[in-house]
Amino acid sequence: MNHIWRALVVFGFLRMSLGMSLFGDDPVKVNFCCPDGEKLRLHTEYHRYVREAECVQGDKNNLEGIEVSVLHLTENNQSEFVKRKLSKLHTKMPKCGRGLQISRLHTNLYENAANRFRLYGSGYVRILTDGSTVAVDMSSKLVRPAEKVDKEDYCLADTWESNDSYGDDNGTLALSCDPCLEEVLCYFVRLYFIILTDRSRLLIGGRERDGVFVDNIVRIGDKNGDNEVNFEEFESKIVEYLKIAFNILDRDNDGSIDEVLTNEAIKEYSLEFFEQILKNAVEYFDSNGDKSISTDDFISVLRFNDRNEDGEVTIYELIGTSLINLPAPLYTAYTLLDEDQDEKLTVDEMLGFLRRTFTIIDKNGDCNINLEEIVTALGASNLKEDFQLGIKLIGQQYITLAKYFVNGFIAKADKNKDTKVTLEEIIKFADFSFIDRSIQIAPSMGYPNGPAFLYLTGGYERGYGPSNSWREQRERIVVVWLTTLNTFLNNPVYQSTPSTQCGLAGQ
């Protein structure tokens with residue numbers, strides 16, 4: 001028995017010696033943020049996203065030659081920490097603004113600390129509760145959540161001062177750049193993704209707790225078939241939608257939406273625009289892949305409406321009454337949409353209804369509709385003139401707001417000032433101050449014209465006279481809208497073959 005223990009001791013000694021020879025000789029080369037005799041000064045204001053770093057006169061840099069714990073990936077893909085010394089590669093700091101990342105570096109970890117890191121794709125995900133801690137790996141890369149930062153793109157500093165709560169100004173800091181935080185689109189897409197994933201960094205399909213909303217995102221966004229969507233896949237899908245919209249606005253196909261500068265693209269919208277919205281909506285909501293929208297696509301949400309427990313939810317079970325008992329214009333609208341009355345709205349059925357409706361409104365046949373044509377079509381359907389006025393007032397409000405925001409965005413996005421804004425310039429748009437101002441303006445000025453809105457909905461009598469006076473007025477308003485809808489839907493165009501104008505046939 002003793003010889004077994006002796007063998008284990010010798011084996012352990014050899015293993016330790018081998019580890020020291022492998023990991024203790026060659027230093028890890030990293031960038032130092034400041035030269036000797038200078039220290040790092042940080043200024044941060046998180047509520048305004050201001051982060052600044054500079055080198056000022058200070059203490060000697062102590063990073064050269066110090067021994068730190070370095071993350072190492074074993075042959076069986078297990079992570080562990082080994083001891084290595086640091087050596088200077090260059091003296092430089094990453095150049096970035098609001099994307100500057102300031103993190104504490106693990107320099108002296110105990111043996112089991114590596115268990116707090118797990119492999120994720122090509123990098124490591126930290127599962128430490130402290131969101132500011134990172135590590136250096138054997139290849140001199142900085143290990144951040146779900147990514148690795150190349151050794152040329154970060155620096156270390158062990159003498160520093162800060163106006164923020166990084167602690168007692170002791171320990172080593174790592175400075176790196178996150179390009180996503182420098183771009184408006186990427187920043188807000190990531191923010192939304194973090195909210196969706198509850199910071200888990202993955203959307204996973206088939207989990208009951210997440211529901212059909214997340215399942216549909218995974219279904220249309222999963223690029224590699226692993227039933228998961230990471231941020232890169234999620235962002236790629238958003239950019240895909242943006243590209244579709246861009247190509248529609250780019251009417252002369254020159255790779256620029258300079259057409260927007262004339263504001264025509266804001267005031268009128270093409271049939272192709274509405275068709276693309278419809279097709280992408282069906283792609284998202286069509287959970288069972290039958291190229292239609294029905295209650296079957298929401299069965300996980302509507303299962304409590306399945307009164308006879310047959311595994312299906314009919315429209316009767318959903319709304320509590322037969323469709324034929326609905327007001328006549330609403331029932332007519334449904335029959336025009338669901339042509340075969342099978343309670344499934346196919347893509348072809350919805351496109352047919354859309355094209356017929358578009359034909360009625362597009363009086364000049366230019367394949368675009370605007371506010372004036374919409375009001376004219378409603379007027380031809382016997383909508384009262386005062387109601388037409390209300391629609392014009394609200395419509396003009398939003399067109400004016402859209403022109404203001406779009407013109408401002410174009411001016412900021414057009415970096416080379418050639419009056420042509422490309423898709424790349426939109427994706428790389430980085431003027432957060434413009435977005436901040438727009439966010440302040442939009443909620444106030446974007447609220448519907450109060451008096452006009454109340455007039456159109458029957459709410460302008462609220463608070464005046466007896467309560468039944470308001471109810472009667474509201475009922476009269478409903479009759480006005482239903483009568484207009486009934487006249488509009490009785491247009492003979494709805495009984496004809498839908499037009500495939502504008503070169504959209506077969507799409």
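This is a predicted model: local features need pLDDT of at least 70, side-chain atom pairs count only at pLDDT 80 or more; totals for chains, interfaces and linings use all residues.
**Figure 1. Two loop residues with positive phi.** Most residues other than glycine have a negative phi. Gln341, which is not a glycine, has a positive phi of about 55°. Gln341 is found in the loop between α9 (328-337) and β19 (345-346), and its relative accessibility of 36% places it in the partly exposed class. Cys367 likewise has a positive phi, near 65°, and is a residue other than glycine. The loop that holds Cys367 runs between α10 (347-361) and β20 (368-370). Is Cys367 buried or exposed? With a relative accessibility of 19%, Cys367 counts as buried, because the cut-off for that class is under 20%.

**Figure 2. The largest nonpolar core and the surroundings of Tyr494.** The largest nonpolar core contains 18 residues, of which Leu278, Phe488, Leu489 and Tyr494 touch the most other members. Helices α6 (271-285), α9, α10 and α16 (467-489) each supply at least two residues of this core. The greatest contribution to this core comes from α10, with seven residues. Leaving aside neighbours within four places in sequence, Tyr494 is in contact with Leu336, Phe353, Arg356, Thr357, Ile360, Phe488 and Leu489. Apart from this core lies another, of 16 residues, including Phe32, Leu63, Val136 and Tyr154.

**Figure 3. Edge-to-face aromatic pairs.** The count of aromatic pairs comes to 18. In one of them, the ring centres of Phe273 and Phe274 are 5.4 Å apart and the planes stand at 80°, so the pair is edge-to-face. Phe273 is partly exposed, with a relative accessible area of 25%, and Phe274 is also partly exposed, at 26% relative accessibility. The rings of Phe387 and Trp481 are likewise edge-to-face, because their planes lie at 75° with the centres 5.7 Å apart; the angle cut-off for this class is over 60 degrees. Phe387 lies in helix α12 (residues 385-413) and Trp481 in helix α16, so this pair ties together parts that are 94 residues apart in sequence. Phe387 is buried, at 3% relative accessibility, whereas Trp481 is partly exposed, at 30%.

**Figure 4. An aromatic cluster and two arginines placed over rings.** Tyr192, Phe193, Phe231 and Phe234 form one aromatic cluster. Which residue lies over the face of Phe231? Arg190 takes that position, at 5.5 Å from the ring centre.

How values were computed. Residues are numbered from 1 along each chain as its sequence is written. Side-chain values use heavy atoms; hydrogens and water are left out. Helices (H or I, at least four residues) and strands (E, at least two) are DSSP runs, numbered from the N terminus. Buried means under 20% relative accessible area, exposed over 50%, partly exposed in between (1.4 Å probe, protein chains only). A nonpolar core is a set of buried Ala, Val, Leu, Ile, Met, Phe, Trp, Tyr and Cys residues joined through side-chain atoms within 4.5 Å. Contact means heavy atoms within 4.5 Å. Rings of Phe, Tyr and Trp (its six-membered ring) pair if their centres lie within 6.5 Å; planes under 30 degrees apart count as stacked, over 60 as edge-to-face and the rest as tilted. A charge sits over a ring if NZ of Lys or CZ of Arg is within 6 Å of the ring centre and within 35 degrees of the ring normal.
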